[in-house]
Amino acid sequence: GQPAPAQLQAVASAGISTVINLRPNAEMEACGIDERTLVESLGMKYVVIPVSGPGSLQPDTVRALDAALNEAGTPVLVHCGSANRVGALFALRAAWLQGVAPAEAVALGQAAGMTALE
């Protein structure tokens, strides 16, 4: 889900190098956190890949996540509002880009937080 400012400070201290946010701007404005400024002030890279719902789960979005993960290396924090979109994108990345069998890809997505986008 959405990390609080104190949680972002904790992950920076733990060595997270990049934060990938899947929430669209309208969602971020509603939560009242200037996440980009906070993340960058903590020395982490900030990437936004807006996923507004199931219609955003497209090959281009999956490729954008894959590129951001590959560029960042590890460790990375990927979040949305609930982790459902995170899990869905991880499942699609596994299936579409990494050749993982569909059932295994769904299980990977569920492990990453997917609860309703199977």
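## A walk through the protein chain

Proline 75 is placed in the loop between H4 and S3, where H stands for a helix (a DSSP run of H or I, at least four residues) and S for a strand (a DSSP run of E, at least two), numbered from the N terminus. A cis peptide bond, with omega about -5°, joins threonine 74 to this proline 75. The model is predicted, so that local features need pLDDT of at least 70 and side-chain atom pairs count only at pLDDT 80 or more, while totals for chains, interfaces and linings use all residues. Residues are numbered from 1 along each chain as its sequence is written, and side-chain values use heavy atoms, with hydrogens and water left out.

The protein chain holds 6 helices and 3 strands. From the N terminus on, their order is α-β-α-α-β-α-β-α-α. The C-alpha trace spans about 40 × 30 × 20 Å along its principal axes. Of the 118 residues, 40% count as buried, a term that means under 20% relative accessible area, with exposed over 50% and partly exposed in between (1.4 Å probe, protein chains only). Contacts, defined as heavy atoms within 4.5 Å, can also be sorted by separation along the chain. Among those with a separation of 6 or more, 73% are between residues 24 or more positions apart.

Phi of alanine 83 is near 90°, a positive value in a residue other than glycine. Alanine 83 counts as buried because its relative accessibility is 16%.

Helix H5 covers residues 84-98, and its 15 residues should span 21 Å at 1.5 Å a residue; the expected span is 1.5 Å times one less than the number of residues. The end C-alpha atoms of H5 are 20 Å apart, which agrees. The buried residues of H5 include Val86, Leu89 and Leu92. The buried residues of this helix pack against helix H2 (25-31), helix H4 (59-72), strand S3 (76-79) and helix H6 (102-111).

Arginine 93 also belongs to helix H5. Although its side chain is among the kinds counted as positive, arginine 93 is buried, because its relative accessible area is 13%. Leaving aside residues up to four places away in sequence, arginine 93 touches Val62, Asp66, Leu69, Asn70 and Gln98. Just after H5 comes glycine 99, which takes a positive phi of about 70°.
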